[in-house]
Amino acid sequence: MYPILARFSWGFLYSYTAVWSVVLALALGQTAWLNRRPHFRLAGWLDGALVAVLGGLVGGRLGFLLANHAYFQLHPAEAWLVWGGGFNGVGAMWGALVLFWLWGRLKKGQETRPWARYADLYTPALTLCYAGGWLACGLEGCGYGQEAFLAWYTADLPDSFGVYAVRYPTQWWGMGAGVVLWLMSSWGAYQPHFAHRPSGFLF
């Protein structure tokens, strides 16, 4: 567990922030590169990506507030202190999907945007973010696995408070699954015959 990567005069560099910054930059870079392929070339793809990120931030915070509503009922002023941390992965996913879907339904000129084609374009980036999220949790100590018996598939790992116990290595399993999904979706998106698949197939 490495929650703090470095200390500077102005503060700390947290591993969670560093990993997410790098992953988001790589995800946007891959999407920009993928959009240059003939079967994509979607205008305004960056707008859709930013809308999804915004939805993820809002949904992640709302999910965290709902999951910890008993605490925030007693401390309502802290609900807005987002710089103190507190996001929920499931809430972030639904927030991003809902806001992105609404963006796709808004008319651009006389037609709605091809939502499914945009979703295909973003799929490799989404799986990369999935893997990066689990890596960030592994370094931070969040998203830790349930306590278990000592076996070849368990390890002595900490929770978010630094308390070590024999646990399932959930973060590393999640990261591994994300890497596999990223490799599969990237490979699929770059195949020449992908253009003949129905829109939304990759997503």
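**View 1. The side chains of D159 and R167 join in a salt bridge, with 3.7 Å from N to O.** A salt bridge here is a side-chain nitrogen of Lys or Arg within 4 Å of a carboxyl oxygen of Asp or Glu, and by this rule the count comes to 1. As background, side chains of opposite charge can pair when their charged atoms come close. Both D159 and R167 are buried (buried means under 20% relative accessible area, exposed over 50%, partly exposed in between, with a 1.4 Å probe and protein chains only). Please keep in mind that this is a predicted model, where local features need pLDDT of at least 70, side-chain atom pairs count only at pLDDT 80 or more, and totals for chains, interfaces and linings use all residues. Residues are numbered from 1 along each chain as its sequence is written, and side-chain values use heavy atoms, with hydrogens and water left out.

View 2. Helices (H or I, at least four residues) and strands (E, at least two) are DSSP runs, numbered from the N terminus. The buried residues of α6 include Q171, G174, G178, S185, S186, G188 and A189. These residues lie on the same side of α6 because they cover an arc of only 155 degrees around the axis (the arc is that of the directions from the helix axis to the C-beta atoms). M184 and W187 are exposed on the other side. Among the elements covering the buried residues of α6 are α1 (15-34) and α5 (115-140), where contact means heavy atoms within 4.5 Å.

View 3. What is its exposure? V179 is partly exposed, at a relative accessible area of 36%. Look also for L128: its C-alpha atom is 6.7 Å from that of V179, although the two residues are 51 apart along the chain.

**View 4. Helix α1 has 20 residues and several covering elements.** From first C-alpha to last, α1 reaches 28 Å, close to the 28 Å expected at 1.5 Å a residue (the expected span is 1.5 Å times one less than the number of residues). Its buried residues are S15, A18, V19, V23, A27, Q30, T31 and L34. Their cover includes β1 (4-8), β2 (11-14), α2 (45-67), α5 and α6.

**View 5. H39 lies in the loop between α1 and α2.** H39 counts as buried because its relative accessibility is 15%. Its side chain reaches the backbone oxygen of A189 at 3.0 Å. Leaving aside neighbours within four places in sequence, H39 is in contact with R117, A189, Q191, F194 and A195.

Conventions:
A polar contact is a pair of N or O atoms within 3.5 Å; within protein, one must be able to donate a hydrogen and the other to accept it, and residues adjacent in sequence count only if both atoms are side-chain atoms.
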